[in-house]
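Reader: I've got a few "how do you know" questions about this one. Could you put it up and take me through the calls?

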Amino acid sequence: MSNDSTSIIKTKLGNFIIKSNKKVIIKIYPSKEINNIYKKNNYHNKIGLDIDNLLINKKKLFKYKCCPKGTQFELKVWKEIKKIDYGKTSTYKKISKILNTSPRAVGN
């Protein structure tokens, strides 16, 4: 039996679907879904609050255990994204040059 849990969380950025296994985040992605058809999850609610606090500068660190599931390429992109310092930005083009790929591939 799987311990995976899924929730739709409302934040100031919009709704996100959060998938986790116990206290390890597997995926977080934006969603237009508004009805939470999933079981309520306090851990996911805390993540949503932390996203909101990050946006209004009440929080500077977003530390959760993550075990993202994706393709080899997606994992490489995410690894580069993790290197972007708090409050800084980058572009698909800059990341694509590091990974020797196209900006469109990075954006996807």
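Author: Confidence comes first: the chain's mean pLDDT (the predictor's confidence in each residue, from 0 to 100) is 88, with 97% of residues at 70 or more. This is a predicted model, where local features need pLDDT of at least 70 and side-chain atom pairs count only at 80 or more, while totals for chains, interfaces and linings use all residues. Residues are numbered from 1 along each chain as its sequence is written, and side-chain values use heavy atoms, without hydrogens and water.

Reader: Why is Trp78 called partly exposed?

Author: Buried means under 20% relative accessible area and exposed means over 50%, with partly exposed in between (1.4 Å probe, protein chains only). Trp78 has 33% relative accessibility, so it counts as partly exposed.

Reader: And what makes Ile9, Ile18, Ile25, Tyr43, Ile47, Ile51 and Tyr64 a nonpolar core?

Author: A nonpolar core is a set of buried Ala, Val, Leu, Ile, Met, Phe, Trp, Tyr and Cys residues joined through side-chain atoms within 4.5 Å. Those seven residues form the largest such core. Helix α1 gives the most to this core, with three residues; helices here are DSSP runs of H or I, at least four residues, numbered from the N terminus.

Reader: Which residues does Tyr43 touch, leaving aside neighbours within four places in sequence?

Author: Contact means heavy atoms within 4.5 Å. On that basis Tyr43 meets Ser20, Lys22, Lys23, Val24, Ile25 and Tyr64.

Reader: How much of the chain is buried?

Author: Of its 108 residues, 26% are buried.

Key:
Helices (H or I, at least four residues) and strands (E, at least two) are DSSP runs, numbered from the N terminus.
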